[in-house]
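Reader: Please take a close look at the charged side-chain pairs in this model. I would like to know where the partners sit and how well the protein covers them.

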Amino acid sequence: MKAKADRTSVPYSYLIDNIKVILIFLVVFNHIIAFQLVKTEEVIRYIWYAITIFHMPAFIFISGYLSKKPQNVLKNIKNLLIPYILGYTLTWYSQIWLGKSMDYELLRPTGTAMWYLLALLVYRLTIEAMGKFRFIVPLSIIFALWAGTRPEFTTYLSASRIVVFFPFFVAGYLWKSDYIREIRKFVGKWVLIPVSAVLLWAIPHYMIGNDIGIAIFRGNHSYKLCGLTNTEGIIIRLLMYLVSFLVIYTMLALIPDRKLPLTYIGRHTMGIYFFHYPLLIVMNGLFILQAQPFMNVWVLLLVSFLFILVLGSLPVDFIYTGILNLITFLLFKKDKVIRDEGLEEEYDSDEDKYEQLNRRRKAIEELAATLETEEEQKAHTEVINLDEEEKEYSLEELMEELEESTREVDSGELLEESEGQEIDKQS
């Protein structure tokens, strides 16, 4: 019972929202450079490989961490399945509008970014059962390594990707907020940056040098279709798991856990994920991304930043949730109000409560420090009073001793006088 309570506890954290802002930016940037720039710039190709290794695994890990509450089938249909259908249709139509040919294969979401919503739907509907298995993370990794050898795992229903990325989701699901506090206390955590950087350079360097495609990181095909032997595929996929978990650990340990100017975007990532890819397809189809100014990495970084600012804004989020509310009302005729929970499940506490709890925690710490000071002063005063009492007691004893000595001396003198008088009389 206690384990279940711990698993369903997800206190609000600026850290998680800050991580999601970074990851959604990398999603947009990785997609925008993939259209043209990676074909002409070798350095950008390295960056493209490095980002692809970990950005979706990290996103899936965070989604698993935020999926601890008991899952509701109807709620997941509204928040994930409907956006999946709408997003796939929007991407398909953007290609048709440009005059390109694209089959409408809703059950095979290649060429779109919507596969993740389908995967997330499957994860959330199965995680309560799967999360009870012992050693589920290593077992799911072993199964994913084996799945790469089998041709049955394909793009149909994103089966291959669902299997390949499931270890990250279940690891996030089992991850506790207490673990975050512990790793942030780790003294040598800064060494994670150079170690991650070296691995994120070495792996792309080996793959590009040996003409190995990026498809293995996307998890969409078997090793054979990626142009690899089973041994090579297993090794590279293992390296992906290793590096991705290391980068996730680094983010949890080092990214600030405080409110930043862009932290609010972490609560509105669904609109960014939903709209950005169709917009990029249109921009590329209109040759905008092939124009000379857009063949510069700094320009594309700026464009990616503008994408997350605009698509992560409250008006866009209002439009997105409004459309879903309308469709939900038409389909279900009740419970029409939904929140943007496609990529981020509800926390147990919202942001305002988090700030209140922070203020209360600081107040308690200050009060505890004040009480400690008062206790110390009280103890010090008691010691002084005790010393004074001991001093007074010692002085009284000394006076009594002096008086007694004086009486003894006086009585001795009187005795001597009386004896002298008797002798005088006798003489």
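Author: A residue is called buried when its relative accessible area is under 20%, exposed when it is over 50%, and partly exposed in between (1.4 Å probe, protein chains only). The model is predicted, local features need pLDDT of at least 70 and side-chain atom pairs pLDDT 80 or more, while totals for chains, interfaces and linings use all residues. Residues are numbered from 1 along each chain as its sequence is written, and side-chain values use heavy atoms, without hydrogens or water.

Side chains of opposite charge can pair when their charged atoms come close. Five salt bridges turn up in a search of the whole structure, each a side-chain nitrogen of Lys or Arg within 4 Å of a carboxyl oxygen of Asp or Glu. Three of them are described here, beginning with a pair in helix H2.

Asp17 and Lys20 are joined by a salt bridge with an N to O distance of 3.7 Å. Helix H2, which holds both Asp17 and Lys20, covers residues 14–35; helices are DSSP runs (H or I, at least four residues) numbered from the N terminus. The two partners are three residues apart, about one turn of the helix. Asp17 and Lys20 are each buried.

Helix H9 (residues 177–184) contains another pair, Arg181 and Asp178. Their side chains form a salt bridge at 2.0 Å, N to O. Here too the spacing is three residues, about one turn of the helix. Arg181 has a relative accessible area of 45% and therefore counts as partly exposed. Asp178, at 41%, is also partly exposed.

Arg150 counts as partly exposed because its relative accessible area is 31%.

Away from these charged pairs, the surface carries a nonpolar patch made of Tyr93, Ile96, Trp97, Leu286 and Ile288. For such a patch, nonpolar side chains with over 30% relative accessible area and no salt bridge are joined within 5 Å. Together the five residues have about 480 Å² of accessible area. One of them, Trp97, belongs to helix H5 (residues 73–97). Trp97 counts as exposed because its relative accessibility is 51%.

Terms used:
Patches are made of residues with over 30% relative accessible area and no salt bridge: like charges are joined within 9 Å, nonpolar side chains (Val, Leu, Ile, Met, Phe, Trp, Tyr) within 5 Å. Accessible areas come from the Shrake-Rupley method with a 1.4 Å probe; for residues, only the protein chains shown count as cover. Helices (H or I, at least four residues) and strands (E, at least two) are DSSP runs, numbered from the N terminus.
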